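Here's a quick walk through the model, starting at the ligand and moving out to the fold. Have a look at it first.

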Amino acid sequence: CYVVRRVTLVPGSCRYGGHVVSFLGPERLYALGLRTLWRGTPSRKSWSTGGWDGGNYGDSDEEDEDLEELLVSPTPALHGAQKIFIVHPNVKWGAKKPHDTTAELLVAEAVTLVHSIPNWIVVDKLIMSTKSPDQKYIFGKGNFQTLTEKIKGLPQITAVFVNVERLSALSENELEAAWGVKVFDRYTVVLKIFQYNARTKEAKLQIALAELPLLRSRIRNEMAHLDQQGGGSRYVMGSGETLMEIQQRLLKERELKLRRALQILRMKRKLFRTQRKRREIPIISVMGYTNCGKTTLIKALTGDASLQPRNQLFATLDVTAHGGLLPCRMPVIYVDTIGFLSQLPHNLIESFSATLEDVIHSDLFIHVRDISHPEVINQKKTVLNVLSNLNVPQKLLDTMIEVHNKIDLVDNTHETKDAAVSVSALHGSGLEDLKQCIETGLMETTGRIITTIRINLESVELSWLYKEASVQEVKVLPEDGAADVLVIITNAAYGKYKKLFCK
Ligand SMILES: Nc1nc2c(ncn2[C@@H]2O[C@H](COP(=O)(O)OP(=O)(O)OP(=O)(O)O)[C@@H](O)[C@H]2O)c(=O)[nH]1
Ligand SMILES: [Mg+2]
């Protein structure tokens, strides 16, 4: 319980207005910014830096401490092993019926999501029909009863994962009360995966931001519960605020701090972007559904051993940059990005859109598809949908290169109407074709050409070309006092060259 003015805070449940109130624990209060009220110091964590921005938010110790404080999660930890029962509410008719997929495939994805968290296992799964998944108990009376009996008959389970995008706080509460175990929705599970996999400060801050809606609904729920007992709307010891108002204010303050911290990182990224642009190294963003092989492909294209592909959803959360060379020896930067997921809760996408902002400034997109996946068509739709919501320039979409990955897992007769390059990133096949395709695409999107220019060695042409273009090769022709120079040059610079030297 927390007494809120010049007070000592005692964690756990407390008596408030004559009622026992369970409330945010000390570390949660601390994370909400009540440092002055809670006099404990949380242990220092070390951050992993690096990544796309490579920069530090906290240049001063004070900023670093603020950041640490912000990143302590106020939600109760879901650490440790979980034995999960998955129930998939299957809508068979009406507007809520999902198209182009099946309940079985959606359950398979839910299983993969659970297995992406260490020590979480699926004990059993069930597809259960419902007409309106928005109702409090998700299912009609009869089905709900059958489901409850099934869950109660599995005493080993520690949680139920209801495979819907988001459960209302009320539903979550009622279901937990009925089943006597924790209840998760897709949002909670995906957030948990994100929390496990985030490495950089930015990703951690974004996850903290994505966690706020969960906290808000939980607090609303706790207060509604308290109100029923006549306590939630009382003023807290002369503070002029009710408990609900205090918690909402703290959450608002937390949100502002998180947004500010992210804004600072964003500004740093902008600076890096400008520097990169000045150096004119083309940027290629590699996008695609989660687990399609983006990281594996970049590793194969660049030989960057630091990249660690994993058979897991959302293994990559941080936008990272990796240098590579094209066949014409032009250096390029490949950007590895967070994967997409169907029905990825909107808030989660929103909080990651800042990272994806960089992607919009790329010179070329590669869309990687796992061609062996049963949901390959829907996955493409999801990716294109998310990209269109990100306001990606049409030019990038029009010039996007589609890569069919994991061809080693499909039979040789694999045929497609899509204009695509087929590769196996894991086994290294098709990579040369892909590099060639990237090179052609980049020349087009960046307005460059590769050409051989015959120059007079006595003039300043060669030094001019070294300054204004990327010289790849110089073949001297001694008898003519000339040389053939292979260059990659922008159309604008080539025009200038002709004006200066080809009279
Ligand atoms: N058989 C086969 N497996 C592949 C291929 N490419 C990637 N994989 C495997 O697919 C899994 C996912 O690969 P990642 O490169 O981590 O996929 P990702 O798209 O970066 O995944 P997220 O970052 O989680 O979105 C790993 O187990 C890879 O070994 C391929 O061409 N063939
Ligand atoms: Mg990855």
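In this predicted model, the shell around ligand 1 splits into eight nonpolar, 12 polar and four charged residues. That shell counts 24 residues, and the closest to ligand 1 are Gly293, Pro309, Asn311, Thr316 and Gly339. Which helix gives the most to the shell around ligand 1? That's helix α9, residues 294-302, with three residues.

On to the sheet. Four strands form an open sheet in the order β4-β3-β5-β6, and the pairing is parallel. β4 and β6 sit at the edges, each pairing on one side only. From one strand to the next, the twist averages 25 degrees. Helix α4 packs on this sheet, where it touches β3, β4 and β5. The direction of α4 makes about 165 degrees with that of β4.

Here are the pieces with their residue ranges:

| Element | Residues |
|---|---|
| Strand β3 | 82-91 |
| Strand β4 | 120-130 |
| Helix α4 | 141-152 |
| Strand β5 | 159-162 |
| Strand β6 | 182-184 |

Zooming in on the β5 and β6 pair, the two strands run parallel and are joined by three bridges. In one of these strands, β6, Lys182 is the bridge partner of Ala159.

How far can you trust all this? The chain has a mean pLDDT of 78, with 75% of its residues at 70 or more. Over residues 1-60, though, the pLDDT is below 50, and this stretch has 109 contacts in the model beyond near neighbours in sequence. As for the overall scores, the model gets ipTM 0.99 and pTM 0.73.

Notes:
Residues numbered from 1 in each chain as written. Chains lettered and ligands numbered in written order. Predicted model: local features only at pLDDT ≥ 70, side-chain atom pairs only at ≥ 80, totals over all residues. Pairing = 2+ DSSP bridges. Axes fitted to C-alpha atoms, helices over the stretch in contact; angles between N-to-C directions. Contact = placed C-beta atoms within 7 Å. Near = placed C-beta within 6 Å. Nonpolar A, V, L, I, M, F, W, Y, C, P; charged D, E, K, R; others polar. pLDDT = per-residue confidence, 0-100.
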